[in-house]
Amino acid sequence: MDLSRFPRRRYTQGCTPIEPLAHLSRALGGPDIYLKRDDMLGLFPGGNKTRKLEFLVADALAVGADTLVTCGAVQSNHCRITLAAAVKEGLKCRLVLEERVAGSYDPHGNGNHFMFELLGAETIEVLPGGSDMAAAMQRHADSLAAEGRKGYVIPGGGSNALGALGYVACAQEILAQSFESGIRFDAIVVGSGSSGTHGGLVAGLFGMNADIPVIGIGVSRDAAEQEPLVHAEAQATLALLGVRTELPRSLVRSVGGYWQPKYSLPNRRMVEAVQMLARLEAVPLDPTYTGKAMAGLIGLVRAGEFKRDANLLFIHTGGLPSLFAATEVVLGRTPVPD
Ligand SMILES: *Cc1c(COP(=O)(O)O)cnc(C)c1O
């Protein structure tokens, strides 16, 4: 698969490291767990959206856009990284935020709320949960056009086929690092939300005929709802790459049960995972994505899902700012449900 056919901006120098989590592996008495540090991607503090935006922003520039328009939840890492990319490129950026939990947007708040202000979003529109976000973004694009400007609409999470190419590139990077280091991964574990990350990885590994299963830990949906989304995303990505083979449905696996009570709301297993990674490995996880995804990995290891000598690769997808909006929760000082 030749990604060089697609225009791309570069926001990270080189590859993100893959580090062994020796203390965590020992504490769990289980497989060797490695961490792909996609929290060290560019557009500080970077995360998985950085990889997607390399392709999306290149496309925006190619069509002559002067403003990026995107949407997300109120603590959206995607919105913050899109805004950071816009700043880097000298573009404006408009954000539409969905208040999935009523009253949760605080313009004086911490974490990404603070970053939206600091990085200078042109507009921040907050809509109630369940609003038609695509329509709201289109209204911005239309009003920009009426002013003689040109908006480029990026879907939530940057998850379309073009954005998912960022995780096809990541799959290529992982295989190259695996080849260099001589470590063969038996499974890759990653958080699965708007599905571009999970879908891009599956598409990339399938396209390269690499037989490494990807296990997505749902951050907002159980498997019955999440897997069809990821399958469609991966299939669309393969089509964009010109791979015509049908993607077997069995290659898309997601695990539910770790995101409840609701997307972005904390639970006890997330708090345990955030504390374990901080105190065993000095790795900060975030409460909405990587904390719950790591709780899923820990849960699967404890349930005996993997052989003791297996090598697992967990992808750290970033999200650092929202950790600072959840300090009391992750320190265990605020009671949270199981
Ligand atoms: C957006 C996000 C995810 C989920 O990635 P998707 O491509 O939306 O599935 C995971 N982790 C972090 C930190 C994110 O910001």
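Reader: Which residues lie nearest the centre of the largest pocket, and how many residues line the largest pocket?

Author: This is a predicted model. In it, Arg100, Gly193, Ser194, Tyr263 and Tyr289 lie nearest the centre of the largest pocket, which has 34 lining residues. Its space comes to about 610 Å³. Two or more lining residues come from each of α2 (48-62), β3 (67-73), α3 (77-89), β7 (187-192) and α7 (196-207).

Reader: What makes a residue part of the lining?

Author: A lining residue has an atom within 4 Å of a grid point of the space. For the largest pocket, 34 residues line it by that rule.

Reader: How do the residues lining the largest pocket divide by class?

Author: There are 20 polar, eight nonpolar and six charged residues in that lining.

Reader: What is the volume of the second largest pocket, and which residues lie nearest its centre?

Author: The second largest pocket has about 400 Å³. Gln75, Ser264, Leu265, Thr288 and Ala325 lie nearest its centre, and 20 residues line it. That lining has 11 nonpolar, six polar and three charged residues.

Reader: Why is another space called a cavity and not a pocket?

Author: In a cavity a 1.4 Å probe fits but cannot get out, whereas a pocket is an open set. One cavity of 30 Å³ or more is counted. The largest cavity has a volume of about 70 Å³, so it passes the 30 Å³ cut-off of that count.

Reader: Which residues are nearest the centre of the largest cavity?

Author: Arg8, Arg10, Leu41, Arg51 and Glu173 are, in a lining of 13 residues. Helices α2 and α6 (161-181) each give two or more residues to the lining of this cavity.

Reader: Why is α9 called roughly perpendicular to α10?

Author: The axes of α9 (residues 268-281) and α10 (residues 290-302) cross at roughly 90° and come within 8 Å. Angles of 65 to 115 degrees count as roughly perpendicular, and therefore α9 is roughly perpendicular to α10.

Reader: Which residues make the contact between α9 and α10?

Author: From α9, they include Arg269, Met270, Glu272 and Leu277; from α10, they include Lys292, Met294, Ile298 and Arg302. The contact has eight nonpolar, one polar and four charged residues.

Notes. Residues numbered from 1 in each chain as written. Predicted model: local features only at pLDDT ≥ 70, side-chain atom pairs only at ≥ 80, totals over all residues. Heavy atoms only, no water. 1 Å grid on protein atoms, 1.4 Å probe; cavity = no way out; pocket = protein on both sides within 12 Å on 5 of 7 lines; lining within 4 Å. Points joined across faces, edges and corners; volume = space filled by probe spheres on them. Helix = DSSP H or I, 4+ residues; strand = E, 2+ residues; numbered from the N terminus. Nonpolar A, V, L, I, M, F, W, Y, C, P; charged D, E, K, R; others polar. Axes fitted to C-alpha atoms, helices over the stretch in contact; angles between N-to-C directions. Parallel < 35°, antiparallel > 145°, perpendicular 65-115°, else oblique. Contact = heavy atoms within 4.5 Å.
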